[in-house]
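Student: I have a structure to study. Can you take me through its charged residues?

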Amino acid sequence: MTTAQPALRVSVLDRSRTRQGEEPAQALRDTVAFAREAERFGYHRFWVSEHHGVPGVAGSAPTVLAAAVAAATMRIRVGTGGVMLPNHQPMVVAEQFGVLASLFPGRVDMGLGRSVGFTDGVRRALGRERGAADDFGAQLAELLGWFDGSQQTHRGVHARPAEGLRVPAFVLATGAGADLAADAGLPLVIAAARGEDRMLAAIDRYRTRFRPSAQAAEPYVVLSGTVAVAETAERARELLVPEAWSGAYARTHGEFPPLAPAAEILARPMTARERAAYEQSLAGHIAGTPEQAAADLAALMARSGADEYLVTTSTYDRAAMTESYRLLAEALGLS
């Protein structure tokens, strides 16, 4: 197989998706096993996510899971995509990443998001309100201050062992969050959740507004999205079906379910509302043969001028998902 664009830096975000008929514990074990494969394939980073009270996602404690991933791998960078900062006290987050960076020096990333609990009940259980995300800028500044010793919110208090450590921080954003990343002088992780044009506009604004910091001297953009790869384009598109249905079900029923087999979903009758949400969930992804996917990804990176791509593909068939990542790595010349 010929390779394309070997200079691309490509990483992985695994959300520990649960699968119909399996216990959540299996999803977590699968994430750790998949990290070993991602390292072998040549991916640059392996990140895990944070979700609370969601039936379809087992990953509720990303720093704990990141520790398991780091312990199971040797070279790949490990981090979070991300810790949802409004859900936590900044000092506790600093301490957790301080421990991770102390145990796995030079390998830990701190990806930070501004979402708060998915439902009112989850937010109450976390001790947070919907408006907690409005203070993200201040929370971010305090968190970074725990590492360099500059925080003044709690005078005389020190986060051990975080203080004095350099842990690369990234801001996850869809729109307005890009401005927060620019103001803080941090790398930006962004997806085309609201369409590519709006994503590109946010990236342009981020680059224009960026202020150099101790963390980053210049803008750094990580695009995030699904890339499904198989030997045929039809099979690649089929890999999108389980995640697309979960997203459609969440929008129409208010609950994000475990992944179901593609054949079962394709045979399922859908209401007009469900069908519209499902078709929308299928759109906007990269899917095809290795050559097609590599070319489409290279074109997207060229249009955006991004520095890195974070692949977030999930599907019911875990073997097919792993194969998708392997085929993409080979096509891009990662390994």
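Tutor: Start with a term: a salt bridge is a side-chain nitrogen of Lys or Arg within 4 Å of a carboxyl oxygen of Asp or Glu. This is a predicted model, where local features need pLDDT of at least 70, side-chain atom pairs count only at pLDDT 80 or more, and totals for chains, interfaces and linings use all residues. Residues are numbered from 1 along each chain as its sequence is written, and side-chain values use heavy atoms, leaving out hydrogens and water.

Student: How far apart are the closest N and O atoms of E37 and R40?

Tutor: Both residues sit in helix α1 (residues 24–41), 3 residues apart, so about one helical turn separates them. Helices here are DSSP runs of H or I, at least four residues, and strands are runs of E, at least two, numbered from the N terminus. E37 and R40 form a salt bridge, and their closest N and O atoms are apart by 2.5 Å.

Student: Which residue forms a salt bridge with R77?

Tutor: R77 lies in strand β3 (residues 77–80), and its partner lies in strand β5 (residues 108–113), so the pair ties together parts 32 residues apart in sequence. Buried means under 20% relative accessible area, exposed over 50%, partly exposed in between (1.4 Å probe, protein chains only). R77 is buried at 17%. The closest N and O atoms are 2.8 Å apart, and the partner is D109.

Student: What is the relative accessible area of D109?

Tutor: D109 belongs to a network of salt bridges with R45, R77 and E308. D109 is buried, and its relative accessible area is 0%.
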